[in-house]
Amino acid sequence: MSADTLSAPPRGIRFRGALLPLVLFALLAAVPFVAGALGQPFYVSLFTRIMIFAIAALALDLVLGYGGMVSLGHAAYMGVGAYAVGILSFHGVDSGWVQWPLGIGAAALAALVIGALSLRTRGVYFIMITLAFAQMLYYTANALSTYGGDDGMTLWGRSTFSGLVKLSDGQTFYWIVFAVLALSYLGLKRVVASKFGRVLRGCKENERRMTAIGYNTYAYKLAAFVLSGALAGLSGVLLANHTEFVSPAYMSWVRSGDLIVMVVIGGLGTLHGPIAGTVLVLVLEEVLSKLTQHWWLIFGPLIVLTVWRAKGGVVRLFGGRA
Amino acid sequence: MTLLSVERLAKSFGAVAATRDLSLEVAEGSIHAVIGPNGAGKTTLVAQLAGELRPDAGRILFDGRDVTRLPVHKRVRLGLARSFQISNTLLSFSLLENVALAVQACHGHSFRFWADASRDGRINAEALSVLQTVGLADRRDRLASEVSHGERRLLEIAIALATGPKMLLLDEPMAGVGPEEGQRMVEMLRTLRGRVTILLIEHDMDAVFRLADRITVLVYGRAISTGTPDEIRADAAVREAYLGEEDDELVG
């Protein structure tokens, strides 16, 4: 055995690890066709929304699942990305070439400032402070009366890309979101296996040890936090485009909590788990909320059951290694 | 040549003075043991040397540099690495990965987001050679949570060694290991003599007297005596400090 193949998992296990994500993406790819066959275009819209949240859940999994940082304010970065699109659109800037990078950049900047301060604390204090910052952004959005205040505001339309693609077409938009999700997943898959990712995983498991072998753990955690904020910002950009509407509700802490639920139910630190978790949560929400407005009465126990029966998330029910 | 020099170090926790006016010099290439009864302040000393605790007064010079106010990770980069009294490994990582992370730390920054770290042949090869040094090469793919306590003690030292240190601070490496594994540990540490300077904090007197070139005796945070093993054995003040059962160990 040569040194460079050391400790790579055996082929069978790696294949089984790749099977579930493949099935997941195949199912998502089938949605437009199934919706077309059933004459239910609504499903395309529903699953566009689901994939957008799945991107945010992926972003959260990087810090929560791989870095052990419980951020209870990730909806805020989605909100910043969405508001960047909304505000630019309000001022007549419709170009996606401007809106998207600015949305991502603004979210990354917010994550940099918030992360730089929050990461000086630990444990429950970290949770509290990420929540507090997110609430500050939430109330700031509420106070932006020019941009609709607490009512939010409707966009002029979806981003334009020099006439190259028309996002206003539901199918086209679906495939773009699908592509963003797939690329985010594949990109993060590389990141968590990279040197950076290995350091991050080490920090989650034992930060004192990582410091003792010479890592400035703060810098690595902050980098992960910013990367995650940027990706959440991108999902916010997509969300604003999807709904053609932005509102402070995008940043509410309930939304941040939902994201944690999606990640944990799906499987922390697995990447494809949070995608599955988002599908599960949002589909259940859709189905149950049609039955009764008290759908949480059913959904709550289901969460308890899932966490209890499927420790480590639903994806771990399929094969030992997630 | 002196590699580590501690000058008039002091540290108190409230009314308790854990380190008092402590001065110490460790010669390059030597194995220097620090012994003392429970509560003598050995662990507090290690924490200050490693940079986890900031002393109230005094200076720590390492390799000619004042490191007194340097954070832990920067001291490691200068070549001052430590092992922990209670095994402090990444339990869900394989032994190879535990060591590879330490090797990776001394190959520049790790803001590399793309290439698969577990397939870095150079790092894996270096990590494997460190595992060979401590005799754990055949266990490389086991998780740290799966190996025996003694093997985890060896891993602890392998991790510190993999950072490429000039000096190792070993905080009770024999803690909790049986006589057989303790023997293995002593043999392994002996092979490191000359390659790396060692400051050894240890309760196992047998191991200390077999390994150390010089010994410093700590009592109530103060260094009461420093000398060769023979000098320490003959020192009246030391014997007084070790009244009781450990007295026999010193004589024996």
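Reply: B:Arg8 lies in strand β1 (residues 2–13) of chain B. Helices (H or I, at least four residues) and strands (E, at least two) are DSSP runs, numbered from the N terminus. This is a predicted model, in which local features need pLDDT of at least 70, side-chain atom pairs count only at pLDDT 80 or more, and totals for chains, interfaces and linings use all residues. Residues are numbered from 1 along each chain as its sequence is written, while chains are lettered from A and ligands numbered from 1 in the order in which they are written.

Me: What is the phi of B:Arg8 near?

Reply: Phi of B:Arg8 is near 50°, a positive value in a residue other than glycine. A:Glu244 also has a phi near 50°, again positive and again in a residue other than glycine. A:Glu244 is placed in the loop between α9 (217–243) and β2 (245–246) of chain A.

Me: How compact is chain B?

Reply: The radius of gyration is taken over C-alpha atoms, and the globule rule is 2.2 Å times the number of residues to the power 0.38. Chain B comes to 10 helices and 10 strands. Its radius of gyration is 18 Å, close to the 18 Å that the rule gives for 252 residues, so chain B is as compact as a globular protein of that length. Along its principal axes the C-alpha trace of chain B spans about 60 × 40 × 35 Å.

Me: Which strands of chain B form the open sheet, and in what order?

Reply: Two strands pair if DSSP finds at least two bridges between them. The open sheet has six strands in the order β6-β7-β8-β3-β9-β10 (chain B), with mixed pairing. Its edge strands, each pairing on one side only, are β6 (80–83) and β10 (222–227) of chain B. Strand β9 (residues 214–219) of chain B runs antiparallel to β10(B), joined by five bridges, and B:Ile215 stands opposite B:Gly227 in β10(B).

Me: How is the contact between the chains read?

Reply: Two residues are in contact if their C-beta atoms, placed from the backbone, lie within 7 Å. The contact takes 25 residues from chain A and 35 residues from chain B. On the chain A side, α6 (170–193), α7 (195–205) and α8 (207–212) are the elements that give two or more residues, and α7(A) has the largest share, six residues.

Me: What are the confidence scores?

Reply: The model scores ipTM 0.87 and pTM 0.90. pLDDT is the predictor's confidence in each residue, from 0 to 100. Chain B averages a pLDDT of 91, and 96% of the residues score at least 70. Where pLDDT is low, the predicted coordinates should not be read in detail.
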